[in-house]
Amino acid sequence: MTTQIETESVLTTSFRQQIDRQIIVILDFGSQYSELIARRIRETQVYSEVISYRTTAEQLKAINPKGIILSGGPSSVYDEKAPHCDPEIWNLGIPVLGVCYGMQLMVKQLGGTVERAKLAEYGKASLFIDDPTDLLTNVEEGSTMWMSHGDSCTDLPTGFEILAHTDNTPCAAVAHHEKNLYGVQFHPEVVHSIGGIALIRNFVYHICECEPTWTTATFVEESIREIREQVGDKRVLLALSGGVDSSTLAFLLHKAIGDQLTCMFIDQGFMRKYEPERLVKLFKEQFHIDVEYVNARERFLAQLEGITDPEVKRKRIGHEFINVFEEESKRLGPFDYLAQGTLYPDVIESADTNADPKSGERVAVKIKSHHNVGGLPKDLRFKLIEPLRKLFKDEVRKVGRSIGLPEEIVNRQPFPGPGLAIRIIGEVTADRLNILRDADFIVRQEINRHGLYGELWQAFAVLLPIRSVGVMGDQRTYAYPIVLRFIKSEDGMTADWARVPYDLLELISNRIVNEVKGVNRVVYDITSKPPGTIEWE
């Protein structure tokens with residue numbers, strides 16, 4: 001076995017291996033929505049991936065993409081440290097679409113002018129089309145588009161023309177038709193942009209001339225082949241949580257290598273009520289997949305004693321998770337590979353796609369680390385295998401269905417790897433875990449009874465480390481509040497709070513206060529993402 005962890009997945013298909021597959025790359029300039037662009041392109045059944053804006057023209061030639069998209073970003077093109085792409089990209093003969101900052105950068109580098117707008121645009125704006133051909137085919141006049149910019153293009157480079165405008169932005173969409181260079185000042189990738197998907201499809205199909213070859217069947221077939229090639233006759237240890245990600249991965253690995261796979265479920269004590277018992281029984285008795293149950297509740301809880309910082313929590317849980325795996329693998333092993341159900345959003349929110357290779361300085365702001373991808377020790381004695389690393393959640397669900405994963409798991413709402421530990425704000429104690437576990441159980445019961453489980457991206461409870469005065473049975477109480485967090489989302493990248501019926505909120509509140517000892521107040525979180533995140537920690 002290796003003595004140092006391979007931090008990149010051994011099954012992440014390289015771009016050189018993707019040459020035969022049609023691919024569109026996104027150069028990431030620090031936008032929180034770069035991955036959303038990739039997801040929208042994949043919805044057209046064309047493979048797409050986010051790479052650093054520092055990728056050179058020569059490197060792009062080796063990748064051989066059918067198209068290049070320049071993402072938005074938080075910078076101004078005139079900032080001293082503003083990120084710039086290789087100007088030779090404009091001469092590759094590959095279609096390019098600049099989005100927001102990406103458009104401004106294109107205009108500036110090719111000789112145009114970008115200035116601070118007299119009136120910044122944030123939010124919805126109506127798009128008025130000047131040229132309804134190619135990029136804007138089937139985009140309706142007056143379509144709502146999502147704006148988020150303080151700079152605007154005021155003078156276009158030679159050969160460019162205006163395709164569309166808004167009331168405040170004369171150059172809302174531009175093109176150099178001969179060179180296949182396009183730019184839009186708005187964000188077609190967000191759901192608020194009506195007609196944005198049509199624009200993306202125009203770029204993918206008509207301008208880049210891609211074919212829809214990125215399918216679930218293709219992914220499964222290629223993944224099984226790659227798993228077999230990489231693993232050979234070696235054994236694989238999988239971190240099984242029971243969620244759709246690790247369960248899909250278990251099914252995929254079992255399809256590829258059969259009994260070479262051993263699943264280990266580490267009960268860290270942060271699972272929801274009754275879940276550990278249900279999980280082990282389901283996989284062993286119904287799916288006939290080998291699962292080793294490890295009760296590590298006390299040691300994980302000890303790691304969090306006195307810890308209140310959420311990043312420290314995640315990292316300590318991640319370290320202990322790996323420690324347990326190493327210890328148990330020696331007992332069960334030997335194993336050469338550690339499999340994890342890491343997804344693309346996990347990687348992106350923790351990653352440094354834009355980090356300077358020398359200074360480590362990032363363009364994008366790191367939101368939070370994920371236990372699957374952060375804090376792994378350098379001397380971990382496994383090779384890391386993450387076949388789902390490049391998939392979004394909706395793609396994982398499609399893969400799960402295609403390989404026979406039951407709907408009860410496919411449709412399971414996302415549950416964080418650190419579990420209830422990051423739904424308790426502040427220090428995690430056994431008493432607080434029991435309180436939150438009981439409250440969460442009531443939430444899930446009522447959401448299911450009212451038929452809302454499938455309509456919500458997530459519905460859960462959060463315990464705050466404060467106490468307030470209440471009155472129950474004519475007696476004063478001094479107890480914890482529970483926060484209800486019900487949200488709707490397509491992919492977890494953005495989210496909105498759910499407008500559930502008041503009667504349901506009242507029922508859940510009454511049950512929690514009456515049935516969960518230690519709680520005397522229930523509140524409802526009405527914050528969207530952004531500005532908040534889905535989880536509180």
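This section reports side-chain contacts, helix packing and backbone geometry in a predicted model. Residues are numbered from 1 along each chain as its sequence is written, and side-chain values use heavy atoms, with hydrogens and water left out. Local features need pLDDT of at least 70 and side-chain atom pairs count only at pLDDT 80 or more, whereas totals for chains, interfaces and linings use all residues.

Twelve aromatic pairs were found in a search of the whole structure; rings of Phe, Tyr and Trp (its six-membered ring) pair if their centres lie within 6.5 Å, with planes under 30 degrees apart counted as stacked, over 60 as edge-to-face and the rest as tilted. One of the pairs, phenylalanine 29 with tyrosine 101, is tilted, at 5.5 Å centre to centre and 50° between the planes. Phenylalanine 29 lies in the loop between strand E1 (23-28) and helix H1 (34-42) and tyrosine 101 in helix H3 (residues 101-109), so the pair ties together parts that are 72 residues apart in sequence. Helices (H or I, at least four residues) and strands (E, at least two) are DSSP runs, numbered from the N terminus. Phenylalanine 29 has 0% relative accessibility and counts as buried, and tyrosine 101, at 1%, also counts as buried. Buried means under 20% relative accessible area, exposed over 50% and partly exposed in between (1.4 Å probe, protein chains only). Ring pairs join Phe29 and Tyr101 with Tyr53 in a cluster.

The pair of tryptophan 497 and tyrosine 524 is edge-to-face, with 6.2 Å centre to centre and 80° between the planes. Because tryptophan 497 lies in strand E18 (residues 496-497) and tyrosine 524 in strand E19 (residues 519-524), this pair ties together parts that are 27 residues apart in sequence. Tyrosine 524 is partly exposed at 22% relative accessibility. The ring of tryptophan 497 also lies under the charged end of arginine 499, which sits over it at 3.7 Å from its centre. Here a charge sits over a ring if NZ of Lys or CZ of Arg is within 6 Å of the ring centre and within 35 degrees of the ring normal. The charged end of arginine 397 is placed over the ring of tryptophan 457 in this sense, 5.9 Å from its centre.

The search of the whole structure gave 27 salt bridges, each defined as a side-chain nitrogen of Lys or Arg within 4 Å of a carboxyl oxygen of Asp or Glu. Lysine 390 and glutamate 49 form one of these, at 2.8 Å from N to O. This bridge links distant parts of the chain, 341 residues apart: lysine 390 is in the loop between strand E14 (383-385) and helix H11 (393-402), and glutamate 49 is in strand E2 (residues 47-52). Both lysine 390 and glutamate 49 are buried. Arginine 299 bridges to glutamate 320, with the closest N and O atoms 2.5 Å apart. Arginine 299 belongs to helix H8 (residues 297-303) and glutamate 320 to helix H9 (residues 310-332), 21 residues apart. Arginine 299 is partly exposed at 31% relative accessibility, while glutamate 320 is buried at 6%. Shared partners join the salt bridges of Arg39, Arg40, Glu43 and Asp394 into one network. Arginine 40 is buried at 5% relative accessibility, and glutamate 43 is partly exposed at 38%. Helix H1 is mostly covered, nine of its nine residues being buried, including Arg39 and Arg40.

Helices H5 (residues 216-231) and H6 (residues 244-257) pack at an angle of about 60°, with their axes 9 Å apart. Axes are lines fitted to C-alpha atoms, for helices over the stretch in contact, and angles run from 0 to 180 degrees between N-to-C directions. H5 and H6 are therefore oblique to each other (angles under 35 degrees count as roughly parallel, over 145 as roughly antiparallel, 65 to 115 as roughly perpendicular and the rest as oblique).

Most residues other than glycine have a negative phi, and most peptide bonds are trans. Aspartate 134, in the loop between strands E5 (113-129) and E6 (143-155), has a positive phi of about 30°. Tyrosine 274 has a positive phi of about 70° and is exposed, with a relative accessible area of 53%. The peptide bond joining lysine 529 and proline 530 is cis, with omega about -15°. The bond from proline 530 to proline 531 is cis, with omega near 15°.
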